[in-house]
Amino acid sequence: MTQGPQPSGRPMSLADRLPAFLFPRLSPIALVGLFIALILVGFLIYPVLQVIAVAFQNPVTGALTLENFGDFFNSSLFRQSFFNSFYVSALSVIVATVIALPLAYITTRFNFSGSILIQSLGFIPLIMPPFVGAVAMQLIFGRNGTINLLLRDHFGITIPFMEGLNGVILVQSIHYFPFILINLSASLRNIDRSMEEAAQNLGAHGLRLFRRIVFPLATPGYVAGAALVFIKVFDDLGTPLLLNVNNMLAPQAYLRITSVGLNDPMGYVISVILVAFSILSLWASFLVMRGKDYATVQKGGGGLAKRDLALREKILAYGVVLFILLIVLSPHIGLLLLSFGTIWSFAPLPDGYTLANYVRMWEGSQQYVMNTLLYAGIAATLDVIIGTAIAYIVLRTGIAGRKWLDYMATAALAVPGVVLGIGYLRTFQNVDVPLVGKPLASWWVIIAIALMIRRLPYALRACMAALQQVSLALEEAAESLGAGKFRTIRRIVVPLMAGGILAGFVTSFATAAVELSATIMLVSNDRDSPLAYGIYLFMQTPSGRGAGAALGVLAVVIVALGTVLSQIIIERDKKLRTAGRA
Amino acid sequence: MKTEMAGIEIRDLHLSFGETRVLTGINLSIKPGEFFAFLGPSGSGKSTLLRAIAGFGPQPRGEILIGGRDIATLPPWKRDVGMVFQSYALWPHMSVRDNVAFGLEERKVPRAEIRTRVDEALALVGLSHLADRMPNQLSGGQQQRIALARTVVIEPKVLLLDEPLSNLDASLRVQMRRELLALQRKLGLTTIFVTHDQEEANTTSDRMAVLDGGVIQQIGTPQELYDRPVNLFVARFLGTANILEGRVEVEAGAARFRTATGDVLSLPVEGRAGPTSIVLRPQNIRIEEQAGAGTLPGEVLHREFLGSQVRYLVRAAGTEIVVDQSHRAGEIWLDPGARVHLAANTRDAVLIAQEG
């Protein structure tokens with residue numbers, strides 16, 4: 001970074017008066033970076049290291065040891081859990097691929113009027129927490145659910161969609177397939193038409209063309225999406241817990257800590273395994289993608305040529321798409337039915353319909369909603385502020401070690417919510433907050449901080465992308481006209497990044513609002529519970545399901561409204577900017 | 001590598017993108033083994049025409065015959081037409097060898113034969129040592145050659161080159177176009193080369209078609225097009241042209257050209273009376289200090305030194321005229337503002353009758 005000569009009129013700061021060795025001269029931006037680094041170390045790096053350290057310590061003597069891991073692998077329950085987590089994650093990736101591949105292929109390769117349908121409906125699963133849908137899925141696909149009741153009546157068979165691990169796989173793949181859909185579609189769209197035409201010119205077509213050219217070129221996107229699905233499923237706590245599948249790693253960690261206690265080393269061992277697997281799959285996907293920037297779209301040349309569909313193909317495409325969408329939206333449909341239903345048991349549909357669930361939900365859960373808005377609001381606001389600051393520091397300054405801010409913030413991706421929760425409990429149980437009179441670990445603010453850390457990687461990516469769109473020349477123009485660094489950031493950079501920052505805010509807010517893994521560990525009393533935990537509490541009893549579903553519907557509506565609102569703002573922002581240019 | 005030479009015949013080809021007509025009434029005959037260029041500005045339809053021959057883009061109306069067989073309705077993979085893309089379109093997930101082998105594999109050529117033919121093709125473009133590299137490890141010029149090898153290895157009936165030199169830097173471009181021509185001569189492959197650069201077309205092609213607005217303006221050798229353009233577009237597109245508007249007058253067997261400003265140039269007898277444009281190349285005009293018979297008075301506006309030549313911009317006959325004088329050492333140049341007289345060599349000029 002080039003620094004101009006300091007204006008002589010500026011008053012001496014504290015740093016100027018102190019000896020230089022005591023207080024190295026840092027630019028104000030570097031100070032901001034340092035502050036962010038401290039937050040990340042304090043609330044991410046240190047708690048996780050703490051968890052890892054405990055896993056390698058003898059619980060009594062505190063000596064360094066591997067015996068905890070020995071105990072873990074000597075227990076058949078833990079071996080089973082380990083295998084189950086792996087099996088469920090792998091199968092979820094496969095099922096999610098089966099769902100996403102046809103949708104991605106149809107939208108990118110053909111002139112298909114249903115594409116808009118896929119683009120909008122394909123993302124809906126993401127705005128509902130998977131554990132919320134899980135209950136509704138039980139009612140539709142479970143042993144005595146709609147589908148199996150119908151199958152039994154008409155064909156005398158049942159299919160164990162929701163039995164044990166199957167249920168987790170089904171719920172997870174339906175929830176997480178959009179990650180593959182989004183990444184794969186983007187990759188397919190980035191393939192230059194000439195890549196395909198060159199192959200056709202040399203004699204390839206149809207399925208061979210897809211297998212040899214199109215799909216390999218889309219693999220980076222596919223692998224990125226698949227790795228994300230694998231990690232998410234491997235780390236998820238809410239869904240198996242709600243489906244009462246406890247022989248998986250994350251539920252085991254949760255149960256050990258909550259029932260055996262904070263000093264039981266097994267929770268920590270599982271945490272280390274969860275983190276190790278997250279890092280491993282991120283690393284594996286990095287290896288696969290290394291040196292494979294296949295985005296080949298040339299300037300002026302569009303993506304793959306889109307073909308018109310013949311009538312028969314069109315019917316087939318619509319059939320496939322509608323069938324997939326029906327399955328994908330079944331948790332939503334089920335949830336809606338459940339929330340309006342009176343009693344829904346051993347019947348394809350509820351016995352009757354009522355608004356009573358909503359009344360009961362509203363009476364019992366205003367506190368949950370307020371808490372959620374507060375926590376997710378704080379988390380998302382901090383995320384975009386920190387995200388913007390990190391993006392600016394990494395992309396626009398030469399501050400030493402700036403990359404580490406990015407690495408640290410992104411490292412949160414590899415830290416499951418359970419692990420962060422355990423880390424906070426362990427680290428902050430004895431840190432008393434002044435004036436509140438509680439340890440930090442059981443103060444509600446810690447929930448907001450956990451959400452902030454968990455969502456930071458996504459907000460950061462959005463801010464980075466937004467800043468990369470802002471031409472450096474625009475900043476230089478402002479600086480040459482006399483605006484200082486901070487004024488340039490405030491008046492030029494941030495306004496131009498607004499769309500991206502807002503997008504980052506909304507994703508952070510929406511996903512934080514429905515997060516369960518970390519919060520379930522950190523909620524110390526019901527009054528501090530956010531919505532997601534409220535739903536979880538309702539769903540624990542059969543009589544609370546209707547109200548829980550109503551709360552789930554409310555959560556989906558809040559998140560959907562947020563998304564729509566942000567879309568409107570982004571569109572208006574875009575229009576404003578193009579109008580300014582014309 | 002052997003190829004049977006095949007000619008290309010295009011008959012009454014029309015093509016539109018939806019409502020927009022892109023190509024109109026294309027008739028073209030390319031001889032076997034010919035190096036043929038499609039020359040035109042961007043948007044002239046030259047690339048669209050090339051892509052139509054390869055089978056890409058909307059289905060055209062009309063016939064495209066290669067070696068006497070109409071291929072206009074065949075899909076791209078059945079045409080046996082080799083195309084080198086502007087972006088080279090090397091597949092980044094395959095090694096150089098795999099890229100080159102692709103077309104042969106699609107043709108179910110035996111494995112051993114694929115190996116020898118790929119080696120031959122790589123040797124042909126002089127890049128045998130790069131066979132195991134990935135495309136993103138190659139320079140632009142190398143990628144270009146691999147793309148060429150990938151196309152010629154399937155021994156296509158014709159070779160289509162879509163602006164093959166546009167992504168290379170200037171010095172490499174000159175070298176590559178010589179190599180292209182040498183390769184084409186060696187293989188005897190009927191070749192179409194699309195370019196917007198007249199110098200590229202002039203230096204490589206046996207004949208060319210100049211396109212504008214989706215219509216072929218003129219077909220001929222580079223020399224024919226330069227010396228005898230049939231219309232003002234071709235005259236302007238190929239080299240620098242001074243165009244004066246006026247009339248041809250024929251009196252007592254002697255023809256004269258009277259410009260709009262009333263100046264008169266004498267013409268060789270062949271002129272036909274009527275409103276006409278006269279095309280004068282910069283080297284066909286001399287600068288004289290004294291007025292003479294049929295000279296145009298003018299004033300020097302601007303001077304550029306081009307090395308072998310000095311180029312003057314002279315205001316005369318109500319327009320600005322470019323004049324090239326060959327440069328000799330120590331010569332004294334005219335300065336802007338100098339009064340001069342222009343003498344045109346009308347024997348080398350082209351008369352283009354104005355329509356309507």
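How many helices and strands does the secondary structure of chain B come to? In this predicted model, chain B has 8 helices and 20 strands, where helices (H or I, at least four residues) and strands (E, at least two) are DSSP runs, numbered from the N terminus.

Residues are numbered from 1 along each chain as its sequence is written, while chains are lettered from A and ligands numbered from 1 in the order in which they are written. Because the model is predicted, local features need pLDDT of at least 70 and side-chain atom pairs count only at pLDDT 80 or more, whereas totals for chains, interfaces and linings use all residues.

**Chain B and its domains**

Taken along the principal axes, the box filled by the C-alpha atoms of chain B is roughly 80 × 50 × 35 Å. Of the 356 residues in chain B, 38% are buried (20 or more other C-beta atoms within 10 Å of the residue's own, with C-beta atoms placed from the backbone). Among contacts in chain B between residues at least 6 apart in sequence, 65% join residues at least 24 apart; two residues are in contact if their C-beta atoms, placed from the backbone, lie within 7 Å.

Chain B is divided into domain 1 (8-236) and domain 2 (240-353), with bounds that come from an automatic or database domain assignment. The C-alpha centres of these two domains of chain B lie 40 Å apart, and 6 residues of domain 1 of chain B are in contact with 6 residues of domain 2 of chain B.

**Contact between the chains**

To the contact between them, chain A gives 20 residues and chain B gives 18 residues. On the side of chain A that touches chain B, the elements giving two or more residues are α9 (193-201) and α10 (206-235) of chain A, and the largest share, 7 residues, comes from α9(A).

**A helix pair in chain A**

Helix α2 (residues 28-55) of chain A packs against helix α16 (residues 402-411) of chain A at an angle of about 30°, with their axes 10 Å apart; the axes are lines fitted to C-alpha atoms over the stretch in contact, and angles run from 0 to 180 degrees between N-to-C directions. Since angles under 35 degrees count as roughly parallel, α2(A) and α16(A) are therefore roughly parallel to each other. The residues of α2(A) that meet α16(A) include A:G33, A:I36 and A:L40, and among those they meet in α16(A) are A:L405 and A:M408.

**Composition by class**

Ala, Val, Leu, Ile, Met, Phe, Trp, Tyr, Cys and Pro count as nonpolar, Asp, Glu, Lys and Arg as charged, and the others, Gly among them, as polar.

| Contact of α2(A) with α16(A) | 9 residues | 1 residue | 1 residue |

Key
Buried ≥ 20, exposed ≤ 12 C-beta atoms within 10 Å, placed from the backbone. Parallel < 35°, antiparallel > 145°, perpendicular 65-115°, else oblique.
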